[in-house]
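Please walk through the structure below, with attention to its side-chain contacts, its surface and its helix packing.

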Amino acid sequence: MEIKDGFIKGMFSPPAPPSYLPMAMQNSEAGLRMLRDYNLSARAFVEENFEHPEVRNVILGWALAPQIMPDRKPSGRPSTS
């Protein structure tokens, strides 16, 4: 109930401009880190964030499910459409 008004407003309002998300995220260290991660390929993200080879294989396999090639950049970028 606490988020209902904002959720409904978001569903029935025009989409925000593509620059809105990066502008909001650039104001914090965590946001800047996320923006950087969004621009990594799936392989680079997995290699940077997971150590064990079997875990890397599972995560990378899961990341490739939507037909993203492992070295395609930026694989982590959220959809703006």
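Glu48 counts as partly exposed because its relative accessibility is 45%, where buried means under 20% relative accessible area, exposed over 50% and partly exposed in between, with a 1.4 Å probe and protein chains only. This is a predicted model, in which local features need pLDDT of at least 70 and side-chain atom pairs count only at pLDDT 80 or more, while totals for chains, interfaces and linings use all residues. Residues are numbered from 1 along each chain as its sequence is written, and side-chain values use heavy atoms, with hydrogens and water left out.

The side chain of Glu48 meets that of Arg36 in a salt bridge, at 2.8 Å from N to O. This pair links distant parts of the chain, since Glu48 is in helix α4 and Arg36 in helix α3, 12 residues apart. A salt bridge here is a side-chain nitrogen of Lys or Arg within 4 Å of a carboxyl oxygen of Asp or Glu. Helices are DSSP runs (H or I, at least four residues), numbered from the N terminus.

Arg36 is itself partly exposed, with a relative accessible area of 42%. Arg36 also forms a salt bridge with Asp37, the closest N and O atoms being 3.3 Å apart.

The whole structure holds three salt bridges. One of them joins the side chains of Glu29 and Arg33, at 3.4 Å from N to O. Both residues lie in helix α3 (residues 29-38), four residues apart, or about one turn of the helix. Glu29 is exposed at 63% relative accessibility, whereas Arg33 is partly exposed at 44%.

Two packed helices are described by the angle between their axes and the distance between the axes. Helix α4 (residues 42-49) packs with helix α5 (residues 53-63) at an angle of about 150°, the axes being 10 Å apart. Axes are lines fitted to C-alpha atoms, for helices over the stretch in contact, and angles run from 0 to 180 degrees between N-to-C directions. The angle makes α4 roughly antiparallel to α5, a term for angles over 145 degrees.

At the surface, Ile3, Phe7, Ile8, Met11 and Phe12 form a nonpolar patch with about 600 Å² of accessible area together. Such a patch takes residues with over 30% relative accessible area and no salt bridge, nonpolar side chains being joined within 5 Å. Areas come from the Shrake-Rupley method with a 1.4 Å probe. Ile3 is in the segment before α1 (4-11) and is exposed, at 64% relative accessible area.

Notes: Patches are made of residues with over 30% relative accessible area and no salt bridge: like charges are joined within 9 Å, nonpolar side chains (Val, Leu, Ile, Met, Phe, Trp, Tyr) within 5 Å. Helices (H or I, at least four residues) and strands (E, at least two) are DSSP runs, numbered from the N terminus. Angles under 35 degrees count as roughly parallel, over 145 as roughly antiparallel, 65 to 115 as roughly perpendicular and the rest as oblique.
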